[in-house]
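Please read this briefing alongside the sequence and the 3D view. It is meant for a reader who has not seen this structure before.

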Amino acid sequence: LDEETRKLYEELRKLLDEQQNQDSFQDLLEQLDYKEQNLEEELERTLELFKRMQFDQKLEETINDLTEMEQEQSQLQQETDDKQTNTEELSDKQEELKNDFQEVKESVDDLREKNQELDNSQMFDDTSEEEQEIDKSMEESQEQLDNNKRKQSQKSQQQSIENMQQL
């Protein structure tokens with residue numbers, strides 16, 4: 001082959017090598033894109049698991065708080081039956097329980113929000129009626145204690161306990 005033809009062949013080979021490099025580069029880009037997509041999906045799954053864990057933890061805490069309140073309300077009901085206990089002290093305890101219940105209601109609202117953030121949200125019953133009933137019976141109990149009506153207060157306390165169990 002003459003020199004000029006050989007140069008042309010050499011040039012053609014270089015062009016072919018460059019083309020192969022471009023193909024390899026394109027393959028590499030596609031692999032990177034695939035890995036990036038997998039990583040993003042994995043991060044989304046991890047985030048969903050994290051949200052689910054937060055929800056479950058908050059739910060467990062709220063259930064524990066409500067169970068503890070139920071026990072405290074029951075204890076207060078027994079104390080109300082004891083004529084030796086000062087009604088003002090009982091009223092203060094009832095008010096404290098009422099305030100604690102407000103925090104539980106806020107926790108339930110927070111749970112509803114967290115539940116909505118989940119991709120696979122759970123069925124979450126509307127508990128507003130029960131919450132209102134508990135508020136009402138606690139308020140009545142406190143008023144009755146303020147008026148020294150222990151028996152009526154005990155009935156209201158019992159109603160609070162029953163409603164907490166339903167919640």
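Predicted model: local features only at pLDDT ≥ 70, side-chain atom pairs only at ≥ 80, totals over all residues.

Residues are numbered from 1 along each chain as its sequence is written, and side-chain values use heavy atoms, with hydrogens and water left out. Helices (H or I, at least four residues) are DSSP runs, numbered from the N terminus.

**Packing of H2 and H3**

- Helix H2 spans residues 87-117 and helix H3 spans residues 128-146; their axes come within 8 Å and cross at roughly 165 degrees. Axes are lines fitted to C-alpha atoms, for helices over the stretch in contact, and angles run from 0 to 180 degrees between N-to-C directions.
- That angle makes H2 roughly antiparallel to H3, a term for angles over 145 degrees.
- The crossing of H2 and H3 is left-handed, meaning that the near helix is turned anticlockwise from the far one by less than a right angle.
- Residues of H2 that meet H3 include Leu90, Gln94, Leu97, Phe101 and Arg112, and the H3 residues in this contact include Glu131, Ile134, Met138 and Leu145. Contact means heavy atoms within 4.5 Å.
- By class, the contact of H2 with H3 has seven nonpolar, seven polar and eight charged residues. Ala, Val, Leu, Ile, Met, Phe, Trp, Tyr, Cys and Pro count as nonpolar, Asp, Glu, Lys and Arg as charged, and the others, Gly among them, as polar.

**Packing of H3 and H4**

- The axes of H3 and H4 also come within 8 Å, and they cross at roughly 160 degrees.
- H3 and H4 are therefore roughly antiparallel to each other, and H3 passes H4 in a left-handed crossing.
- Among the residues making this contact are Ile134, Met138, Ser141 and Leu145 of H3 and Ser153, Gln157, Ser160 and Met164 of H4.
- Four nonpolar, eleven polar and three charged residues make up the contact of H3 with H4.

**Nonpolar core**

- The largest nonpolar core has twelve residues in all, including Leu66, Leu76, Phe101, Val108, Ile134 and Met164. Such a core is a set of buried Ala, Val, Leu, Ile, Met, Phe, Trp, Tyr and Cys residues joined through side-chain atoms within 4.5 Å.
- Helix H1 (3-81), H2 and H3 are the elements that give two or more residues to this core, and H2 gives the most, with five.
- Leaving aside its neighbours within four places in sequence, Met164 is in contact with Leu66, Met69, Glu70, Gln73, Ile134 and Met138.

**Single residues**

- Gln157 is found in helix H4 (residues 150-166). Its relative accessible area is 0%, so Gln157 is buried; buried means under 20%, exposed over 50% and partly exposed in between (1.4 Å probe, protein chains only).
- Beyond its neighbours within four places in sequence, Gln157 is in contact with Gln73, Leu76, Gln77, Thr80, Gln94, Ser141 and Leu145.
- Asn148 is found in the loop between H3 and H4 and counts as exposed, at 52% relative accessibility.
- Asn148 has a positive phi of about 60 degrees although it is not a glycine. Most residues other than glycine have a negative phi.
- Asp56 is in helix H1 and is partly exposed, with a relative accessible area of 35%. Asp56 and Asn115 are 59 residues apart in sequence, and their C-alpha atoms are 9.6 Å apart in space.

Technical notes. Parallel < 35°, antiparallel > 145°, perpendicular 65-115°, else oblique.
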